[in-house]
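Q: Hi! Could you walk me through this one, starting with how contacts are defined?

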Amino acid sequence: MADQPAIRVLIAKVGLDGHDRGVKIVARCLRDAGMDVIYTGLHKTPEDVVRAAVDEDVDVLGISLLSGAHMTIFPRVIALLEEAGASDIMLVGGGVMPDEDATALRAMGVAELLLQDTPPDAIVAAIRRLVAERGPR
Amino acid sequence: MTVQASGPVPSRRLVDGVLAGDRRALARLISRAEAGEEECRPALADIHRHTGRAHIVGVTGVPGSGKSTLVRACASAMRAVGRTLGVVAVDPSSPFSGGAILGDRIRMGALAGDPGVFIRSMASRGALGGLAHAALDAVDLMDAAGFDTVLIETVGVGQDEVDIVRAADTTVVVSAPGLGDDIQAIKAGVLEIADIHVVSKSDRPDANRTFAELKQMLLLAQVPPERHIPVVATSAESGEGIDALLAEIDSHSSFLASDGRLARRRRRNAAARAVKIAEEMVRRRYAAGDSTAMAAIVDRMCARELDPHGAARALLATLDEVAP
């Protein structure tokens with residue numbers, strides 16, 4: 001039963017942000033692309049999602065933010081992943097943010113930012129590419 | 001321990017981490033078991049030697065009966081008395097894409113941040129019976145990592161997915177009010193496997209009826225069970241019944257501890273597990289085997305030269321020619 005292991009993605013909403021329609025659609029798209037998608041629900045802390053990402057041993061941690069708190073939350077998540085020795089878990093952001101923030105976040109170590117108007121196929125392709133580039137672990 | 005991004009760490013080197021309770025090592029070995037890689041088998045064999053300490057509790061029931069919510073409530077209550085626990089939560093895979101949405105964590109609330117709890121979501125990946133192929137490997141790993149209790153939450157089952165009873169020390173079957181009449185309660189299957197029955201959502205007005213029907217069903221048993229099977233009404237909303245359920249789980253655990261019952265149950269479970277793995281191995285050998293030999297047998301069956309059982313015997317005979 002050595003199946004091709006499914007790509008595991010944890011999708012989280014962090015902080016005071018109740019908008020989860022987009023994230024549910026993304027979860028569904030990734031499922032339909034054959035991935036195992038763990039959805040945590042709303043209002044999680046960075047500590048919660050990093051703990052969950054480690055225990056679930058996901059390839060990708062996807063955080064959806066529509067609250068404008070991205071410049072606070074992403075650096076915190078990066079720090080916590082490092083603290084947990086889990087920097088091999090790739091952090092992907094989704095939501096709405098200014099281009100200069102996206103550039104800054106990439107420089108900090110966010111692997112990919114998939115912002116508004118990203119087509120579902122592009123999200124699937126980006127995650128597959130990240131996992132392929134990382135290689136087996 | 002840090003799992004290096006540069007090249008995979010050999011599985012056997014993760015074993016000591018698991019035994020020391022390292023979460024990353026534990027999480028990674030569960031992933032390897034799930035991927036079914038041969039590379040991790042010796043490591044899992046090492047792990048297996050360190051199992052048998054945890055009390056394994058299975059929670060099953062129809063979709064939407066409140067399994068995840070109940071698991072959370074039980075887990076919180078167990079944490080409150082200082083017990084650590086692992087949770088293996090199985091959700092279904094899509095039969096079309098193979099993907100899955102694993103949503104059991106949504107109900108886990110504050111537990112997700114508690115270091116005394118390790119929650120792992122697992123996709124069923126086409127396994128029948130309510131569990132995933134690697135669910136019991138994950139249970140072994142959590143047991144070896146030192147968690148006191150391991151809760152297995154099955155996929156939402158229908159009437160006949162009863163694998164959990166061959167995996168758990170104690171099986172809890174959750175029924176929600178309003179899902180069937182008293183005929184449902186006398187049908188064979190899932191309802192028969194319970195060591196403990198739970199009627200969830202007991203704050204709902206029709207819960208009493210479900211409670212009474214289950215009680216009635218248990219009274220009608222022609223062969224009296226070895227132990228009285230309790231029915232516990234719970235409401236995760238109000239917290240009602242959760243302590244009673246925990247007491248029943250403990251009481252069942254004590255019952256098993258007497259007269260060698262636990263050893264007998266685990267022996268039965270071990271046999272079921274070995275047979276299940278052997279079946280899977282046979283399946284894989286067919287997949288890897290000589291397809292022309294198989295095609296010839298199928299042709300003969302289609303031509304009515306062989307009956308289905310004869311064809312199966314012929315297929316089994318071809319297995320000996322395939323390397324294991």
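A: Happy to. A contact here means heavy atoms within 4.5 Å. Keep in mind that this is a predicted model.

Q: What percentage of chain B is buried?
A: Of the 324 residues in chain B, 48% are buried. As for its surface, chain B has an accessible area of about 15,300 Å², and carbon and sulfur atoms hold 56% of that.

Q: Switching to the interface: how many residues of chain A and chain B are in contact?
A: On the chain A side there are 34, and they touch 37 residues of chain B. Together the two chains bury about 3,100 Å², with 49% of that area on carbon and sulfur atoms.

Q: How many salt bridges cross between chain A and chain B?
A: The rule finds 7. One of them joins the side chains of A:D88 and B:R24, at 2.7 Å from N to O. There are also 12 residue pairs in polar contact across this interface, both residues being at pLDDT 80 or more.

Q: Which elements of chain A give two or more residues to that side?
A: Those are α1 (21-32), β2 (36-39) and α2 (46-55) of chain A. The biggest giver is α2(A), with 5 residues.

Q: How does the chain A side that touches chain B split by class?
A: By class, there are 16 nonpolar, 5 polar and 13 charged residues on that side of chain A.

Conventions
Residues numbered from 1 in each chain as written. Chains lettered and ligands numbered in written order. Predicted model: local features only at pLDDT ≥ 70, side-chain atom pairs only at ≥ 80, totals over all residues. Heavy atoms only, no water. Buried < 20%, exposed > 50% of the residue type's maximum accessible area, 1.4 Å probe, protein only. Areas by Shrake-Rupley, 256 points an atom, 1.4 Å probe, with all protein chains shown as cover. Buried area = accessible area lost by both parts, 1.4 Å probe. Salt bridge = Lys/Arg side-chain N within 4 Å of Asp/Glu carboxyl O. Polar contact = N/O pair within 3.5 Å; in protein donor to acceptor, adjacent residues only side chain to side chain. Helix = DSSP H or I, 4+ residues; strand = E, 2+ residues; numbered from the N terminus. Nonpolar A, V, L, I, M, F, W, Y, C, P; charged D, E, K, R; others polar.
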